[in-house]
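My entries follow in the order in which I consulted them.

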Amino acid sequence: MKAKGIWLSLLIIVLASAIVIGKNNPPPPPPPCGGNGENCCSGTSCNSGLVCLTGKCQVPPPCFTYSPGCYDQRDEFSSFGTLTIDEFKIYYSQQACIEGNPEKCKCTVPATAAGSGQRNPDDSNQACSCIAESFWDTTKRCCDKSTDKYCVGSRGCFQGKDQGNCGTDNCVGPTQFNDFGQVTVTDNEGCTASGSDTGKCGEDLALVSACSTSTLTTYRCTGQDSEKKTVDCNAYDSTNENRPVVSGQPSCDGQCGNGGVCSARDYSCASGGCAFDPVNLDTSELWCSSCDGTEWQIGGPQEAEHACCGDDADEYITAAQGDLADGTLSCCPSSTDCSFNSNCFSSGSWSNTSNNFYCDNSVWKDGDSSQESCVSGGKSYTWTGTRCCGDDSGEYYNEPNRTIACWNGIPVFSRNYVTSNTNPVQKEVMSINGTFEGCKTDSGSIAALRDSITSTQLVHSNPLCTVLPNGFQQGQHAFCSAAGIWNRSAELKNSLKTFPWDNAVAQKTECCTQEQCWDGFKCLNDQSTSASSTATNGQRCINGEWSESPVKKNWDETATGFCPKKSQCLVNPGSKNSRHGLLENFTQDFSVALNNNIQCINDTQYIGDNYCEDGNWSSRTKLLAIAMLDNAEISSGADYTLYCDTFTNVLNNYEYSLPSGFSVKTDVIASCSINGSQLPCANNFCVIRQGSKVLLGTTLNTVINKQPSILETFDLPASFCNNALVNDGQFHACSSPIVWYDNREKAVILSQTPISLTPQLNFLEKFVQLVKQPFALLFGKVLSAKPAFEGIQVDLTFLNNVKKFNRLYITRAGDKSVKGVIETVGGDSYVSIEYTKPEASICSIVTTMNKQALGANVLFCDESGATTLVSSRYQVGSQVWQDLTSKLRPQLPANSTA
């Protein structure tokens, strides 16, 4: 076979480019890393705000939060006055949250720094209060009875290890002086003594010194001092009976306060002797105050009968102790009672104050101090993890990372709505892991609520469509709906969607998944994977957005359906393959659309000669014809003939073999292996003749540089068009401008001599100019002619369905012309031909064909002046089509061997 041989060689160029491109594809990019839920970069690093945990980047979890108070070495909360020095670890004066180092958790509440706690009892009076049997001395340090030796109390009394005991404000009994200097000490009897390391309070010397005072008229003693004290009455004015005269008599008999009857006595001089009278302490404040362990009129239930408290067996002087200590005393009937505001409360009861406290064996305990205190006393209070819910009025607080939070004294378990007396279910607020989450609560009364503990905003407000994963239960998420309440859904409805049309009864917006659309009443699933799902107001839900979606037909009009994009073309609506445009995923059938396992293909894609052109089916042959026709029209308007048809109709000779042994017909045109199936290598051919210039073109279904290549039929190497492998939808010259190639459409044009095609050809514009308008005029004339046979009107509106223009015949010779098209769609062959100034009677020829070749009136002919129209909607043979249009065939050059 010589060069410039059969024009059909061009086919294989296009498909070769696909193989070359495939070999040069870069390696796939590495998977993303560093984002939320993605792998950690380099094994440890993440994007800002994320931390690497177990190999994945995550939002740091919230840290453990410490409530104010004392903590032991195990980081467990302890009540004041319960720890030894060795057990004590730290005291927090406010809520503390300590972030990990390196940061593995994130504090979500106002927090102290890691080192802000007080780790030494000497740091403050509050830290000192954590230690059992300790007090804050005047030198501002913590004194612990078990370890400290030198401490100074509030009234100068010394207290320390092995150094005596200052159990009350006054020193009682023999008490050594401390090493901090001179201290004056007064005993309970009014005796005073001074000194440094020596001296005792309460000896006879101090008593005599006190009794020598002439102004002392009465000497009263308490039952605490059993020493015998004597005074020489004769040394004083014996006429004054009120002068004390003690002659070897004990000052008191018995013990005051609950241990027995206090026999306080009043001593006086009587005739040179000692006289005394027993005293009822309830009759006089003076006598009551003279007895140790008694108090005068301190209130409480026992005061009604006993003005002096502590001198009888059922009277207990009770000081307010613990978390509700108010500095008052009460006279109570039991030693386990608690005192508050001069009233007594039995052990196990609550104070019934606005901030309620629990009486535990004479000590007030805040319900927030321990779970035991919270749930004691028969109250319906709930321990939420670090505090007691319900013991205080107006109590609202979060318990981060716990299962219960507190809403106005009512415990709210995680995954539940909050409740109140006025609104049993407030769906705008939920408790999630101890934290109140609000749905669009950024304003109004809920936004004004403050956390009783931290004073920060109580409810965290979430915008619409926020999703709380598993907010109700596993697999049931909570989402903040457009109604401003938490609703439940098994789907992650995290995107706000809008209903775009006017409808008085429809809801305008709602939360759906990202892939869904809101239709005014429900979330509509993505329809991009279903070619048969119907449209709403001419639109369908495509990947979460409403998109214009007209009804489409496949290329042979055997089915209708929808595609996700208006620019896509329908192939097989019954297919389950919604990977639109991935043509390598199925075995193609160039003839029957429904045999292809794909719903839609994209604009500029094709299956065989069936070409998707902005959502409408066309043909690659049409694009090829436009490029060739444009070249002919540009060439000075000379006469030309264009013929596009099957290779058997267009080509003169294709029954020959290449030097390599391949058959041109079988191996280069008719049969190639495409995706594992044997399919035509090339589609229809076009030939255009203008004077001595002849162009031949076709479109390929395989790569152009695949061997055997169509280029080899012209003695050209398979790589001849490698320089033209540009996917821009335009023709580019190959190694020589005798061959032009459009790599995207795999279209090739060959000339016997170098040619120049229009750069950046606008195929749509040229189609309208060179094909659509001329044939629209033709179809209009046919429809206007209204041909009828034997009185029956013929319906020729089928001409409006002619779209592909893949079998054309156009010729112009001076003022004579022929324009014809044949197209088969849905079993019908649409034929329409116009003859201008024919030299013979075309209708006579048509009549003969109907009778002899076709055997029926399937061709319709109309003669009107200088124009003859022939049309049909029935199957007509290829020979009839050629007889009516072309007897033109591209002839081989004289030096060809074909």
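Entry 1. I looked up Gln 599 and noted that it counts as buried because its relative accessibility is 2%; buried means under 20% relative accessible area, with a 1.4 Å probe and protein chains only. I am working with a predicted model, in which local features need pLDDT of at least 70, side-chain atom pairs count only at pLDDT 80 or more, and totals for chains, interfaces and linings use all residues. I number residues from 1 along each chain as its sequence is written, and side-chain values use heavy atoms, with hydrogens and water left out.

I located Gln 599 in the loop between strand E42 (569-570) and strand E43 (600-601); strands are DSSP runs of E, at least two residues, and helices are runs of H or I, at least four, numbered from the N terminus. I found that the side chain of Gln 599 reaches the backbone nitrogen of Ala 531 at 3.4 Å.

Entry 2. I then turned to an open sheet of 3 strands, ordered E31-E32-E33 with antiparallel pairing; two strands pair if DSSP finds at least two bridges between them. I recorded strand E31 (467-473) and strand E33 (486-489) as the edge strands, each pairing on one side only. Between E32 (residues 476-480) and E33 I noted 4 bridges. Within E33, Trp 486 is the bridge partner of Cys 480.

Entry 3. Lastly, I examined helix H11 (residues 842-854), where I listed Ile 842, Cys 843, Val 846, Met 849 and Asn 850 as the buried residues. After H11 comes Gly 855, with a positive phi near 70°.

Terms used: Buried < 20%, exposed > 50% of the residue type's maximum accessible area, 1.4 Å probe, protein only. Polar contact = N/O pair within 3.5 Å; in protein donor to acceptor, adjacent residues only side chain to side chain.
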